[in-house]
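Subject: Structure handover

Hello,

Here is the structure we spoke about. Please open it first, then read the notes below.

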Amino acid sequence: MVRYAFYPGCSLDVSAVAYDESVKAVCAKLGVDLVPIADWNCCGATEYWGHDALIAQALIARNLARIDPELEQVTAPCAACYLNLAKVDRMMREVPAAAERVNRALAAGGLHYEPGRVRVRHLIDVLYEDVGRERLTEASTGSLDGLRVAPYYGCQVVRPFCDNDDSEQPVRMDEVLTWLGAEVVEYPVKSQCCGGHMSQISENEAFELIRRLLDCAHRSGAEVIACMCPMCQLNLDAYQGRVNHHFGTGYHLPVLFFTQVVGVALGIEHDVLGIGREIVPAREALRAHGATVVAAAEGGRDVP
Amino acid sequence: MSRRVGVYVCHCGSNIAGTIDCEAVARAVGERVADVAVSRDYKFMCSSLGQSMIQEDIEKEKLDRVVVAACSPHLHEKTFRRACSNAGLNPYLMQMVNVREHISWVTKDQVEATRKATAMVTGAVERVKRQEALEPQYVPVNPATLVVGGGIAGLQTAIEIAEFGHPVYVVEREPSIGGHMAQFDKTFPTLDCSACILTPRMSEAGQHDCIHLLTWSELESVSGSVGNFKVRVRKKARYVNSEICTGCGVCEEKCPIKVVDDVFEAGLGIRKAIYMPFPQAVPKMPVIDTAHCIWFVRGKCRACEIFCPTKAIAFDQKDEIVELEVGNIVLATGYDLFDCRRLPQYGYGRLDNVFTSLEFERMCNAAGPTGGRIVLRDRETEPRSVAVIHCVGSRDKRTNEYCSATCCMAALKFGHLVRERIGAEVYSFYIDIRTFSKDYDEFYQRVMDEGVHFVRGRVAEVTDVPRSPAEEGKLVVQCEDTLLGVQRRIPVDMVILMGALEPRADARDLALEAGISCSMNGWFTERHPKLDPVATMTDGVFLAGACQGPKDIPSSVAQGAAAAARILGMITRGRVEIEPVVATIDEERCSGCRICNALCPFHAIEFDEARHVSHVQASLCKGCGTCVAACPAQVIRGAHFMNEQIFAEIEGLLADAWSDVSEPVAAFAAGGVDD
Amino acid sequence: MNAETKPKLALYWAASCGGCEIAVLAIDERILEVAGAFDVVFWPCVMDGKVADIEAMEDGSIAVCLFNGGIRTSEQEYMARLLRAKAKVLVAFGACAQDGSIPGLANLLDRDTIFRQNYVESPSVDNPESTLPTATTTVAEGELHLPAFYDTLRTLAQTVDVDYFLPGCPPEADRIWDALSAILAGDLPPAGSVIGARTTVCEECPRTRHEKKVKEFKRTWQVIPDAETCLLEQGLVCCGIATRAGCGARCPSVNSPCIGCYGANDGVQDFGARMMTALASIIDSNDPREVQRIIATGIPDPVGTFYRFSLANSFLRRSRRPVAAGAAAGAATRGED
Amino acid sequence: MTDLEFQPKIIGFLCNWCSYRAADLAGSTRTRYAPNVRYVRVMCSGRVDPAFVMKALSLGADGVLVAGCHPGECHYLEQNYKTMRRMTMLQHTLRQLGVEEGRVRLVWASAAEGHRLAKAIDEMVDRIRSLGPLRWPAGWQERPEVLAAIERVASEHASAAQEVAT
Amino acid sequence: MTEVTLLEEVVADTPHGDRLRGCMQCGSCGGSCPNGAEMDHTPRALFAMLFAGQRDEVLSSNTMWQCVSCYSCTTRCPREIPITDLMYTLKRMAVGAGVARHSDAIALARVFTNMVERYGRSFEFGIATRYLLLHHPVAALKNAGLGLKMYGHGRMSLRPTRIESLDELHAIVDEARTIEFAERNPGGVTW
């Protein structure tokens, strides 16, 4: 079994604690061994790039440099964290002069990172490729029972460093959730932007972007939105009320991390997955399919 | 070895003399380099006066070698070779130095430019002293020609050669000749009916005594060289006896299996399991699609056989290999259309009413799947607005970097057709409109007059997700209108994607077989992009049409005709000259180690098992010198690029470095460089 | 024939192992014929002799001098110049005199490094003071001189004009005999020639050969080669392709790849270049990274592999000198070429 | 140590079909670049023998450029791959002989890439300028004390010989 | 010394920035931008201004501050120009030149980067309170309810997390700053 260095990122500590809980639960269940990077630091999100480029790179590279030398892959669930790790590794590989600068900075802390030493992967990739269809299907308890999910990838997992999925119309989360028994709805805006930090600095603009995403999910008949980024989850979930207020709409769409949906499919208890931490509650939608969970737990449900 | 070398430094007006002190170069070389009998500089060496200066010197000064320092040998090597030849000096005893393109035009510093020129002329003198007289060789030319590809370009070549009574074999992989042009409805900018101008050509080719059509056939292998190629062609089984089939079409009518026609109808129409791709097909003879025919799939049916009035169905037919001997080969294999699914932001394959240009062509064609009606995928609704997106898969580093050259005009044609036939609004989204040929820009203006809306901006995406009531149920084309500097979303009913022209998927395989090369983009490489766009690096292999690069019909026809003219010239001459720059193995000294054997892509090196030595077949050798450089025993000799010659040239180039080491040595000692 | 009228023969041993001296004796009883035909005037390895006697001879009075070994010290250079002057025909005898051979591989280093390694660092050396030989030592009684040791070993021909070359490490007995017979008979090729074959070892090698493609270069300990097919095709770096024939393919015949002791083929100036280009040509990969890997792992010591016998006689002659240590005098002139 | 006055001498092997034409194109588009590369035209970069490179270095060249068609674009189909392999092999050997990587370079330039070739040459000249002169033949020279010793041995023996004679 | 144009500076300061020279003004970026409507100039227009040498107009544009880092433009650009990264570069230059327009974005970035440098981790509550209270007291009130909800769902911590080896992190950050300073002042500066 491959072990992966694990970079949780700041959000998973606090606002996206549900992501953290569900990632750990799901990985434990699937035998994916995550080894947290010792004393990791913030990746600087997008803010640092516009502030100070070399510090941004050095902060990210510090995490890469601190990865256990025995591990060859690192996975991050947070989209921005994943992007940053991948971006700096790629930049250091392609532009040797840049790598040299970063390593000079790292050397001040007694660290060094050899570009390309670790392979940076998003967790969806680990589930899709390494765990794979067969094991996921086997592990599924059938408890999703056709839950209608809108797969929302957001930007930074699929752009610009996604080598193995489409950056416009990605399919990997669709596939994983389908294997696990969800009914993945057509969601053409699946890789469009949620506004990111605009919700904090320019609300009105962010609200419009959020509205488009909610509207499309609503039209497609989704019961929940599954996402893979703490920022997306925050914007779609926590700001949903204010968006409704702003536009006079009445969307009621629970927004879960995709790992929470996967966890439900694997029969993991909702509390363990952090379900309930979302502002727009998902329990109702899950309950509509939940009777079968109980049945499954009691053993004896026929899978149609 | 004592030689009498003449050195001539050209001023090229001020092109060279403006940067290089030509007189100083001539003087330095004349004084310092051994065996230089004459060293002159002159205003224009390529002028008749310049040439006669060389000729007079050869005669009067008894020169046995000549160096001309002027422009690129690619421009004037022939000129000066001829000048020497006329004065009785073997042309291969002349060496050119390119002091214009390689020095004066690229160097600012006049001192350094003059130094570089002196070094390079010295190199050439040292080299030319060791050059040898070479004589060209000749081989006879087989008058038969092979044309690969039965599209308009290939047909043009075939007909023009056949008109002179020489045999031509046309190999076409589809069941009928005609190519892409047969699929089109109208041709720009004249709006001629494509079929009306093409089909007479097709039948002319089909009926010509000298043209042998090998349709439903593919090229297997090519061997031999210019004048005498041997070609193997696979004639795929049609399962129809060509001797007795009359092309009546009863089989097709009776066949119960309907198949989506992905080739001729671009997926928009239906054909049968036994079919002719289109009614005017040449030869007028069907073929059985074994992937769908019930007999081949399940061993039942045989309806075609039962109903065929001449009993022409032959289920037991086998592929057949035909061997041909030809003197020349023309590649006219055309292009593939870009797979628009590769740009998912445009929605092709996901959004029903996004069409490719070829689909739209078929839709416009009266003989096509909609009978010429412009309708949405439901085959009923006429669109009220149509978007035409240019550059889909062109001018894009992520797909194809080049401009596909034809799509702007085709897009204009589509705009015209929509306006004319259904009066719908047309939005044409372009980066730049390229209407480069005769009457093309006039056509652009005409289409503008007809009310087509032009939006300058590469489309970002096509979506069916509405943001406003006006967008409900529409396809929304989102782009930046770069002339306004704002983002626009334009709702339409139908989108047409002007997909790029791409090299055939198997172009590289064919190139390898024919011994020619492909550009980075995959198009076949011509001999010279300006001065010889018809021939290739392999003598006797010519190019016609879009296989060499995106091309419209007139250009393809012109190139096809040009290839024919070149070949007719060779047939008329009856023999071809082969450059004497070839490798020879000193067989006395070859130890048969066989290092060189696998190195020649032209298969010119063979191993003589009996004598245990390797041997170069001069007629196949292209003179690249790779084997010469590889021979561990150094017993392969590369004419005109021999080791002694190149070593001497290096010595001459570095004469200022090695003839006086004391200066660097002093610096060496003093500097104590510790790198 | 008495000693007065017999042609005079001299043999000398410079920077080499001495194997060539033994090789002369390996011509067996034919040595008696040599002794009969020649008056051996100088052969320090075998008989007593004084340099002064040679110095006293007329220039050109020695008919033939077989000189083995390269030139590493000032004494060897002196002897080379001396024998050149005295001998009508000077033969560079064996690989060391011709190409520098194994002693020439030390051209990867310079004098100081060689001294340090040999006199100080070598584990078997006991030299607590780290004393190094110097050309001049001053003692109470005056100055003592040792021959000066060069940074760069030179071949005989880089030092003096050479008439003939007899390749091999050592030259094969039969080839020596052929050469001596030819000299006796006065049946000599033009001066400057190598007395030997004009093709390579493959000519004499009994193994079967095919078109070559090599995916991996192997070292001898990695494989037990099959006895029939070309060793190179089995991935072993066999230098037979580039090495002058004459040995009868001794090594390949006993399943061992040719290491190139007969030097380059006739007319070739750089043996290593021939090996490099030939081996690179047959690597079965067009992927730069894979090629890099095949070369780096298969040929860990390229100079030792390609220039084992010929570094001193290659185009580059030596490795780049650590410059600070070896700055030459301003008067230095271009090396002979 | 960078010698700004130092004008490196570089030998450049250009293949007839791509890189030579690239250099022609650089000329016709008046692309200025460093004048330090002196060209040798060969039909194909596959003709470039490692011996040429070493010969040039041994004669005092500070660097050698080999330019060919892009991989897959060779006018002789695939001969430039052989060049790539040979140059890799040569670099491997030169490294052991102490020749820095930047001195011998392989560059791909199509007939349309005059600018690219010019840029590569400028980069190469800069790099070699920063490496300093190579001065290979000077590396063969012996030190002054060695040269003195040769003279001393010769003169000592000469006087000894004179003594013997008298 | 010839004056360095803003275009040259931007190109030099962005990995693969040289690709910008190949911009053919097609507008794929402006068409793709989810926030394009809010920009005073689309990215394409901004590049045209860069080519035209309009230094002040470019640096005082709001374009880069409206960038949401979604990389749509970057992945769609037919010339493979790293547009998102160019926006970061322009932000830095605008701040450096003191003409940056979008004070909120800068303020958020300042607060954020301060927190990260202080603790080694982001501290959402600290950022939110500090940024909003200082810059948007009204919005702070509006968002207070949201904050409470988050707290109630266990998604807000009132205390920052510190990494253990803060010294190491600070050493790296300081060194990075020194390197950049030295690069900006190639002549060397006496302290």
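A residue counts as buried if 20 or more other C-beta atoms lie within 10 Å of its own, as exposed if 12 or fewer do, and as partly exposed in between. B:Asp35 has 15 other C-beta atoms within 10 Å, so B:Asp35 is partly exposed. Please keep in mind that this is a predicted model.

**Backbone points**

Stay with B:Asp35 for a moment. Its phi is near 75 degrees, a positive value in a residue other than glycine. B:Asp35 sits in the loop between helix H1 (22-32) and strand S2 (36-42) of chain B.

A:Ala45 also has a positive phi, about 45 degrees, although it is not a glycine. Is A:Ala45 buried or exposed? A:Ala45 is buried, because 25 other C-beta atoms lie within 10 Å. Its place is the loop between strand S2 (33-36) and helix H2 (53-65) of chain A.

Next, the cis peptide bonds. One joins B:Val282 and B:Pro283, with omega about 0 degrees. B:Pro283 is in the loop between strand S15 (274-275) and strand S16 (287-288) of chain B. Another runs from C:Cys169 to C:Pro170, with omega near -10 degrees. C:Pro170 is in the loop between strand S9 (164-166) and helix H8 (173-185) of chain C.

**One loop residue in chain B**

Look at B:Leu376. The loop that holds it lies between helix H11 (357-364) and strand S21 (385-392) of chain B. B:Leu376 has 14 other C-beta atoms within 10 Å, so B:Leu376 is partly exposed. What does B:Leu376 touch, leaving out residues up to four places away in sequence? The partners are B:Asn353, B:Thr381, B:Pro383, B:Asp493 and B:Met494. For scale, B:Leu376 and B:Glu253 are 123 residues apart in sequence, and their C-alpha atoms are 28 Å apart in space.

**Chain contacts**

Which chains share the most contacts, of the 6 pairs of chains in contact? Chains B and D do. Their contact takes 50 residues from chain D and 52 residues from chain B. On the side of chain D that touches chain B, these elements give two or more residues: helix H1 (19-28), strand S2 (37-42), helix H2 (50-58), helix H3 (79-96) and helix H4 (114-131) of chain D. H1(D) gives the largest share, 6 residues. By class, this side of chain D has 25 nonpolar, 12 polar and 13 charged residues.

Chains E and A also meet. Each brings 48 residues to the contact. Helices H6 (72-76), H7 (83-97), H8 (103-119), H10 (137-152) and H11 (166-184) of chain E each supply at least two residues of the side that touches chain A. The largest share, 11 residues, comes from H11(E). That side of chain E divides into 21 nonpolar, 13 polar and 14 charged residues.

Some pairs do not meet. No contact joins chain A and chain C, and their closest C-alpha atoms lie 15 Å apart. Nor does any contact join chain C and chain E, whose closest C-alpha atoms lie 23 Å apart.

**Domains of chain C**

The domain assignment of chain C gives domain 1 (8-100 + 155-185), domain 2 (113-150) and domain 3 (201-300). How far apart are the centres of domain 2 and domain 3 of chain C? Taken over C-alpha atoms, 41 Å separate them.

Best wishes

Methods:
Residues numbered from 1 in each chain as written. Chains lettered and ligands numbered in written order. Predicted model: local features only at pLDDT ≥ 70, side-chain atom pairs only at ≥ 80, totals over all residues. Contact = placed C-beta atoms within 7 Å. Helix = DSSP H or I, 4+ residues; strand = E, 2+ residues; numbered from the N terminus. Nonpolar A, V, L, I, M, F, W, Y, C, P; charged D, E, K, R; others polar. Domains from an automatic or database assignment.
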